[in-house]
4 protein chains.
Amino acid sequence: MSFLADLLSTVFERRYRGAAGPDPAGRTIQELSTDLLGASGEVSGMALARHILDRYAGKEDDEKLAFFQFMTTDLGIDADAVRSALDAFQSAPDKASYRAFLAASEPRRQELARRLNQVPGATGKLVGMRKDLLRLADKAPELHMVDLDFRHLFASWFNRGFLVLRPISWESPADILDKIIAYEAVHAFDSWDDLRRRLQPEDRRCFAFFHPAMPSEPLIFVQVALTRGVPGSVQTLLADDRDVLPAGQADTAVFYSISNCQDGLAGVSFGNSLIKQVAADLSRQLPGLGTFVTLSPIPGLNGWLRTQAKDLPMDTAEHRRSTAAHYLLRAKRPDGKPCDPVTRFHLGNGALVHAVHADADLSDKGLAQSGGVMVNYLYDLSLISQNHERYASAQDVVATPEVTALAQLAQAQDT
Amino acid sequence: MSFLADLLSTVFERRYRGAAGPDPAGRTIQELSTDLLGASGEVSGMALARHILDRYAGKEDDEKLAFFQFMTTDLGIDADAVRSALDAFQSAPDKASYRAFLAASEPRRQELARRLNQVPGATGKLVGMRKDLLRLADKAPELHMVDLDFRHLFASWFNRGFLVLRPISWESPADILDKIIAYEAVHAFDSWDDLRRRLQPEDRRCFAFFHPAMPSEPLIFVQVALTRGVPGSVQTLLADDRDVLPAGQADTAVFYSISNCQDGLAGVSFGNSLIKQVAADLSRQLPGLGTFVTLSPIPGLNGWLRTQAKDLPMDTAEHRRSTAAHYLLRAKRPDGKPCDPVTRFHLGNGALVHAVHADADLSDKGLAQSGGVMVNYLYDLSLISQNHERYASAQDVVATPEVTALAQLAQAQDT
Amino acid sequence: MSFLADLLSTVFERRYRGAAGPDPAGRTIQELSTDLLGASGEVSGMALARHILDRYAGKEDDEKLAFFQFMTTDLGIDADAVRSALDAFQSAPDKASYRAFLAASEPRRQELARRLNQVPGATGKLVGMRKDLLRLADKAPELHMVDLDFRHLFASWFNRGFLVLRPISWESPADILDKIIAYEAVHAFDSWDDLRRRLQPEDRRCFAFFHPAMPSEPLIFVQVALTRGVPGSVQTLLADDRDVLPAGQADTAVFYSISNCQDGLAGVSFGNSLIKQVAADLSRQLPGLGTFVTLSPIPGLNGWLRTQAKDLPMDTAEHRRSTAAHYLLRAKRPDGKPCDPVTRFHLGNGALVHAVHADADLSDKGLAQSGGVMVNYLYDLSLISQNHERYASAQDVVATPEVTALAQLAQAQDT
Amino acid sequence: MSFLADLLSTVFERRYRGAAGPDPAGRTIQELSTDLLGASGEVSGMALARHILDRYAGKEDDEKLAFFQFMTTDLGIDADAVRSALDAFQSAPDKASYRAFLAASEPRRQELARRLNQVPGATGKLVGMRKDLLRLADKAPELHMVDLDFRHLFASWFNRGFLVLRPISWESPADILDKIIAYEAVHAFDSWDDLRRRLQPEDRRCFAFFHPAMPSEPLIFVQVALTRGVPGSVQTLLADDRDVLPAGQADTAVFYSISNCQDGLAGVSFGNSLIKQVAADLSRQLPGLGTFVTLSPIPGLNGWLRTQAKDLPMDTAEHRRSTAAHYLLRAKRPDGKPCDPVTRFHLGNGALVHAVHADADLSDKGLAQSGGVMVNYLYDLSLISQNHERYASAQDVVATPEVTALAQLAQAQDT
């Protein structure tokens, strides 16, 4: 058999296959879980894990809730056991006492998740399980404790070093493109033709992170337009009748849409490295690229204005721009961070506020959230560390002099 | 770009690339580690991690030891902090108090390892780091505590669900075959021709587990001979001039060599599922296969006899066989488990002792460790759970009546 | 670099890249062709070939016609030269005289096509060139001579042994699926969702032949439905709300659509082996399959009836069925072969007429061509040779007794 | 099923599988061939072709000879039929008369080869058949006529546009590397370690042409050393203890070995484009490369000197160099081309004689054929066309002034 056959079997192995039939012993999902954690779990773990995953898949919300509550109460830590292990370790720290402490301080539900994950293809099922958990935790806040354990495990499993960046193109498998259409969160796709228009031209690129255990599920993806100069409107950028720019002539890469795909991976961050790695890869392929910039929505602008009992001034474009600039640079949460979530994301990555544009997104959504105003965040690779430092230490929203001046104008107008 | 290009970039990403140059700030590896764990680690983590890995790679043993001791003392848990987090959690268990407890009870060196692992290709470096750690811990037993943390992380990262089983054949990449030659632990390869003889014929198979983050490093591999009937000697099995059996005519698959490849993954077990999965895969491909059996060494026989102030009786083959059977079934450690490590491995997997053969391995190594006696462990898929249960609960070494009779004969002879 | 990199470069090589700029010497396409056939063609052939292909791509029909006429008149055979080479060969047949004969009897335009084909990616361009040629030959029949040379070369290049059969699925690259939509000739796809419905369910399959030099261009594809029993209507077969049959429960594979994709490969036949190979592959994968059958249109029925000054009798379903059966079995061309082209195709492959169904295709097209009547051709692998023999030697249209009886009924009704 | 599965099936299809059993009719290979060419060949062609290929594989030389003689006498052209078809065509050239002429003028053995090639994996078998044919034609010169037909077909099938260039590395499949070892014709490999030394370092490259229908059989390969400056000795170039040059620092690519792999493809030339394409690919990857040069043997030097009743002067290195330069530039065959076959190959590609080195190959073979003298041929991409033109039109051996001066010195010394 050939190396290609190897790869094939790799892909096949990734498919989840359920148990051959129902559990002959008729155990509940809780009993199956206890058995999986027990001694017999070592040898018959695969079969037990498949029964649990199959059983879970067929459950209604109330049963899922009961299962998560079982995890909360029965598979948590035993505080007294932790305390005595800790005492023993502190009085005589050695391998044995440390091992006992590690065992006691980790809740058994983490081990349950690891044992479920033995089954090929189970990782995606567990991500789906956490999606349910987050939804159900709205009404049962104690489930958030279970969620912290899932998140802890996922942060380890979905560590950046395990992810692979893949270009998404019109030659990618249709089942993956189907998911790109479904998950696009910023500028929705109308149709497959619309998708083709954003993938096929040589001035358009798309990249996604994948995890090897979920090979047909993108985790996060970014869409990129190659342009000459920094664009000021999404209508122009995505116009159906625009002239395609030969990729070699582009000087700017515009990250105009970033979408997370997996609700079950909420809070496990990898968007940060996505932009930076795509920027690095693109500049290697296309040495003419000098500027890496976003064209971003300002989702919180109108909401914030309402909390200030104001409206976005619709008299002049400049007035809208200065109001938006003020919001971006000055509107802060109690913890001192910017109100706008997109601002927090890009500033946290070391970007700076580069320019603010009126009439830049005239879609219903764009008008509703920010009166059509958009913003460019600039990724200047030589300034990223320094910007991040200023943001992290002093919550400084670094901006160009032009945007800073706009923000000051707003304050002046306001008084 | 095509889907193949995606795969390619996947493979390229897996290659570790070091930092572009030395750390401009001239920090020590300890300082770099502290910075990586600090706030700035979020944005400049990749660069810091590369500096640490590069620096580590260039160190001598005494410096490595110092680095591990830094991990032991500076990056462990703070028992008082754990205790107060635990108290707070116990008095008011909620998301916040649980999060605080999780944070306090996990030593910071685990987070250090996860952050180092952000760098593509770093996983193999960390496995290598643990290999050093285990070696150095011989003289500095406190390092075993650090090792428990590595092992904990690796058990999560190298979870069965993340591994891929790949056939190894004469069409596999030479760099991988090179490692198969290097790692073969049971019956060493003389040469590439010898390797070819054990891979190319249709009655020979080889399978290995790989982790996607270390795609050219096998983790463990098993060599299989397809035969008619259960073989009783490795000389016959591996004879250069044997007739090749058409695969479709085989009724038995013989697992005649299992080799772990990564010292840095010691104690992270996946051999268990390897044999069972290979058996399942082979029986799907070759429906004629009905028997899955090993031809295994008895590495502890002569050593154990010496502890009993005895020698292996060389008078008759039967005498040697019965002595070996007695050893396999009756010689137990203080914890009640069999003395022989290979017996522990296969019985723990649910196999049973099927037959004992004299003059079965006449190599120097085979004669030295067991006077040439070998054993077949049988994997009867319908009995695996039950065997395992008996072994796990009562440390019963399940054996065929024939082997049990042999063991009784030895006892009779002895008295 | 890895084996995957090799594959990648393979795919990249297949892309046609034009010449770096226009021909510096400003030659016409005819002059370039003459130079490519001349001595300097050996070393600068690639560049010349690229100039010719680029130049051709930019031409209007009248210029293309001129180019083909140049091929007809200037690059044909020289009958006198052939005759004297033939005389020399006949009087002294040896290597030299035979070589001279071969050289003289092959028109130089064949060598021109081979030299153009040196350029990676040129094969698809040449197939496109023949598509133009066939179109233009309608008005310039002398071009058919050039076409015979193209067809001769393509029959050699697209030899069955060079083609690869690939499954087409919802996981195939979107650019290939796009072509499947475009080329489907029998039951058109409404949309990508329609495509998904015919690819994704486990009781649907699709297979295409590809040539390695045109890796993203299917040559011909067949769509297959897995069913229990032989279906009698395309509405039922393709109903949106049908229950999906687990593939393992199917006993019948229905070839319900076969589409040729490349006009430029007209007359180069590979459909024959497509069905037989798909049948063989499917029966290996799904041992439960016992029947391989088509559900085929009868495109010539109504046209033939008109030539007989008749209409399809719409009174009863049976009347329509018997009329169609009569047409299929008895309506013959002057050369003795069946009038219906689909009948000729399947009978020529060794199939037999299995059953005739009224109201089986109620689409506009189905009603227009055959009043909704369809036919199953059965591929009974054990009878294929024998059926073919009867058809080839005696133009017998082999049919089941039931269909034969239906045809007789029609004759009876007619009189 | 996935795209990778497609590729897999591609590879599997390429494997030749013989007929299921012997021909039930017990026909001779000649009868089988006649049937394959006849009507029934259309539908049962695959089975017939497999029987013929299987039967051929089992034959001794005398039987093979008989089969080739059958091809010569029974499957050649019928001169009278050709003549009458030619007459008909000449008097009324149209599609029908041209088709008849084409049919008559092509010997039926060409069609036989095409029909044998329908079977997946047959292409390699046919290449092997021609290898036999060439060997047997030594004693039966009439077989050369059959050979011309094979060569004609192979030139079409192995057209440059169908070949793929693949890098060969230490990560290539072992079965392919095994063939590289076997086929290396210039500097033999001692062992797999020797192979690794010539593949793994970053200043070593290897590239081969493959045909998709023979995916594990290299057709021709070239080995490349990356150096600083043009090397003057193979000992230095291949020294085990040399320092590896970082690839990015190289300014010169040295083609130090080119080996044809398939005797059955003799006379079907692709070496020409190999060097030029490798040069183009390398200069894209490594922009620092400016010089593309060979380090070539002079296989004909000592043989030619013997025909001149001379010996290579061993007094001084310069004397040897000037004698070699004289030979390279002045020693011509009756047809005016250089005596040395390697010179003919590279000059025909448009290279020029760059430098001549004494003591450059001190192996037994190097000393025997040219007293250790070697030569660099330079591929100056800007001069290739011009050099080729001079060589093709005037048989000029283009050389640097230094080599020309050396050659003149020899003439002076000689008189």
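Chain A is divided by its domain assignment into domain 1 (9–157) and domain 2 (162–414), the bounds coming from an automatic or database domain assignment. The model is a predicted one, in which local features need pLDDT of at least 70 and side-chain atom pairs count only at pLDDT 80 or more, while totals for chains, interfaces and linings use all residues. Residues are numbered from 1 along each chain as its sequence is written, chains are lettered from A and ligands numbered from 1 in the order in which they are written, and side-chain values use heavy atoms, with hydrogens and water left out.

Taken over C-alpha atoms, the centres of domain 1 and domain 2 of chain A are 37 Å apart. Their contact (heavy atoms within 4.5 Å) involves 12 residues from domain 1 of chain A and 13 residues from domain 2 of chain A. Between them the two domains of chain A bury about 1,000 Å², with 63% of it on carbon and sulfur atoms. Buried area here is the accessible area, taken with a 1.4 Å probe, that two parts lose on being put together, summed over both.

Across this interface of domain 1 and domain 2 of chain A there are 0 salt bridges, a salt bridge being a side-chain nitrogen of Lys or Arg within 4 Å of a carboxyl oxygen of Asp or Glu. The interface of domain 1 and domain 2 of chain A does have 3 residue pairs in polar contact, both residues at pLDDT 80 or more. A polar contact is a pair of N or O atoms within 3.5 Å; within protein, one must be able to donate a hydrogen and the other to accept it, and residues adjacent in sequence count only if both atoms are side-chain atoms.

On the side of domain 1 of chain A that touches domain 2 of chain A, helix H8 (122–136) and helix H9 (143–157) of chain A each supply at least two residues. Helices (H or I, at least four residues) and strands (E, at least two) are DSSP runs, numbered from the N terminus. H8(A) gives the largest share of that side, 6 residues.

For chain D and chain C, 77 residues of chain D are in contact with 76 residues of chain C. Chain D and chain C bury about 6,400 Å² between them, 58% of it on carbon and sulfur atoms. Their interface has 2 salt bridges, including that of Arg83(D) with Asp87(C), whose closest N and O atoms are 2.8 Å apart.

Over all chains there are 54 aromatic pairs. Rings of Phe, Tyr and Trp (its six-membered ring) pair if their centres lie within 6.5 Å; planes under 30 degrees apart count as stacked, over 60 as edge-to-face and the rest as tilted. Trp170(C) and Trp192(C) are edge-to-face because their planes stand at 65°, with the ring centres 6.5 Å apart. This pair links distant parts of the chain, 22 residues apart: Trp170(C) lies in the loop between strand E1 (164–167) and helix H10 (174–183) of chain C, and Trp192(C) in helix H11 (residues 192–199) of chain C.
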